[in-house]
Amino acid sequence: MTTLIEMENVGKSYGAIRALRDISLKVNAGEVTCVLGDNGAGKSTLIKIMSGLHPHNEGALLVDGEKQTFSSPREALDHGIATVYQDLAVVPLMEVWRNFFLGAEISAGRFPLAGLRIKQMKRIADEELRKMGIVVQDIDQPIGTLSGGQRQCVAIARAVYFGARVLILDEPTAALGVKQSGVVLKYVAAARDAGLGVVFITHNPHHAYLVGDHFIILKLGTAVLDRTRDEVDLDELTTQMAGGDELAELSHELGR
Amino acid sequence: MSHSVQAAPPMPAPAEPPRFRRSLSSRVLGRPEVGALVAAILIFVFFLIAAPAFRSAESFFTVLYQSSTIGIVAVGVGLLMIGGEFDLSAGVITTTAGLVNSMFCWYFGVNLWVGALLSLAFCLLIGFVNGYLVMRTGIPSFLITLGTFFVLQGANLGVTKLVSGSVSSPDISQIQGYDSLGKIFASSFKVGPVTVWITVLWWALFVALAAWLLQRTRTGNWVYAVGGAAASARAVGVPVVRTKIGLFMGVSFLGWFVGMHTLYRFNTLQAGNGVGNEFLYIIAAVVGGTLLTGGFGNAVGVAIGAFIFGMTSLGIVYAGWDPNWFKAFLGVMLLLAVLVNLYIKRMATSRRLS
């Protein structure tokens, strides 16, 4: 089992606000690491550090055993870390194939006016989507015409195709219905089976438990639970997510 | 990944998988320039009927010339708007470009080529500053370039008065380089009875370049992406800041180009000119199907928008009507275009399954 990303006591402050502190975790190849937490728990900050949107300012982030501080998403991508965001996964008005290759277009040369290899890109995009079982009506249609689940899947297929070793999924099922969530979870499992290290951010413990190998629950910027699948069951995850001790206290107070 | 089991219908011939195409009508109607093209044809036919003087090759090329003086900058403004930004300084920068060139060379007595290159560098710098400030501060480009617009408008008049003592730039036709620069920027030639201004050819070239850039290059892909969803674009590794600054500089380059044309055609400039043209560029772009919010539009559409402008501004004169109505007409066109664009965007992003 190779460790792809390791975090040692990582923290992040925005001015006077400490959004995250003392986070230690490992992302292994072929495993799904689930990060759970309520709104404002620090999930977004955690993935922003890994994906290069915001650099951390405490602790160490190791990629393949080497210390890194990413200053742009491009750098993270160059290390094989791809992120699929819940809301900003795609550019809605652009065609499916243009979205698929955005930022990594195939062109005839480095000259600024060098032509794109459009036929090749359309063919590859179509093939890769079919591999994941997504058949779009027309590869030329704006991606905004696809359903939310399909868009997530296109973004996942894109990350896998471009050689991602670590796939970070930011609440991929949050805005989806039951059936579409199932489809997305299937691709999460597929990516794991393909040997990728998956970081799955969610606030739904049921979804997490379906695919996860390792679970971390964040609360107010710190990790309150850090277990492997053997050490925890769904009930405990659910209770912890719902508030754990606080919930017990609350039920005592409400006294019914 | 062995999950292709899920792909329900087994492909009969995996070598050539069938791909669905949307119907011809939905693909054609989804193009940004269609509305403008229909409008252009209607207006053209209308003036052919209403204005006898309109029906000749000469007046057609006069219309093209008129269109090109707006159309060249509109190409840049269109690209910028597809990239999700505005430039209100685009009109006044044409005058700035000419003034820098003419007054520098007149004051120091140097070859006009030196001044032209200096002016180019200066305009590119203004474009860069516009873009840099917008990207760095996050203040809407509408406000930043409104500021640049006023700065340049005031500086144009102030500096001209300081240097030449009046509000028009001095006569530069005797300075070295006037003829060669005039050939590039402001010459014309005859084809039979028709006078073809070189700006028409430049316009066609810039439109072709922009069309290629947008549809066929990686830069073009990035322009659509930064305009459509800048955050998404950045997240997948598109250099958003560089792309947008480049677009601002493209506008100021084309503004410089038109400034050179005006200078070498008339050899003296009124320092107050150019104000108001920025809206004509924006109207040309919007009438041509460019979405005000960015991410949608194309170069041919913008060219058609500029052509509609040229056609109506002269058509009204040819028809012998009061030219004051022209602005009212432009306003109506703009409103119609915005409504059509809104409709098309809704169509393009609404879910259409099966």
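Guide: In chain B, 47% of the 354 residues count as buried.

Visitor: What makes a residue buried or exposed?

Guide: A residue is buried if 20 or more other C-beta atoms, placed from the backbone, lie within 10 Å of its own, exposed if 12 or fewer do, and partly exposed in between. The model is predicted: local features need pLDDT of at least 70 and side-chain atom pairs pLDDT 80 or more, while totals for chains, interfaces and linings use all residues. Residues are numbered from 1 along each chain as its sequence is written, and chains are lettered from A and ligands numbered from 1 in the order in which they are written.

Visitor: Why is Glu171(A) called buried?

Guide: Glu171(A) has 21 C-beta neighbours inside 10 Å, and the cut-off is 20 or more, so Glu171(A) counts as buried. Glu171(A) lies in the loop between strand E7 (166-170) and helix H6 (178-193) of chain A. Its phi is near 45°, a positive value in a residue other than glycine.

Visitor: Why is Asp22(A) called partly exposed?

Guide: Asp22(A) has 14 other C-beta atoms within 10 Å; this count falls between 12 and 20, so the residue is partly exposed. The place of Asp22(A) is strand E2 of chain A. Its phi is also positive, near 50°, and the residue is not glycine.

Visitor: What counts as a helix or a strand?

Guide: Both are DSSP runs numbered from the N terminus: helices are H or I with at least four residues, strands are E with at least two. By that rule chain B has 14 helices and two strands.

Visitor: How do you know that the buried residues of H4(A) are on the same side?

Guide: The buried residues of H4(A) are Met121(A), Ala125(A), Asp126(A) and Leu129(A). They cover an arc of only 130° around the axis, so they sit on the same side of H4(A); the arc is that of the directions from the helix axis to the C-beta atoms. The face turned away from the buried side carries the exposed residues Lys119(A), Gln120(A) and Glu127(A). The buried residues pack against helix H3 (96-101) and helix H5 (148-161) of chain A. Just after H4(A), Gly133(A) has a positive phi of about 80°.

Visitor: What makes E1 and E2 of chain A a pair?

Guide: Two strands pair if DSSP finds at least two bridges between them. Eight bridges join E1(A), residues 3-14, to E2(A), residues 17-28, so the two strands pair, and they run antiparallel. Tyr14(A) has Ile17(A) as its bridge partner in E2(A). The two strands form a hairpin with two residues between them, and Gly15(A) in the turn has a positive phi of about 60°. Five bridges join E1(A) to E4(A), residues 58-63, also antiparallel, with Ile5(A) opposite Val63(A).

Visitor: Which strands of the open sheet in chain A are edge strands?

Guide: The sheet has four strands in the order E2-E1-E4-E5, with antiparallel pairing. The edge strands are E2 and E5 (66-67), each pairing on one side only.

Visitor: What makes a set of residues a nonpolar core?

Guide: A nonpolar core is a set of buried Ala, Val, Leu, Ile, Met, Phe, Trp, Tyr and Cys residues joined through C-beta atoms within 7 Å. The largest has 169 residues, and those with the most contacts inside it are Val154(A), Val199(A), Ala233(B) and Ala284(B). Helix H11 (residues 240-266) of chain B gives the most to this core, with 13 residues.

Note on methods. Contact = placed C-beta atoms within 7 Å.
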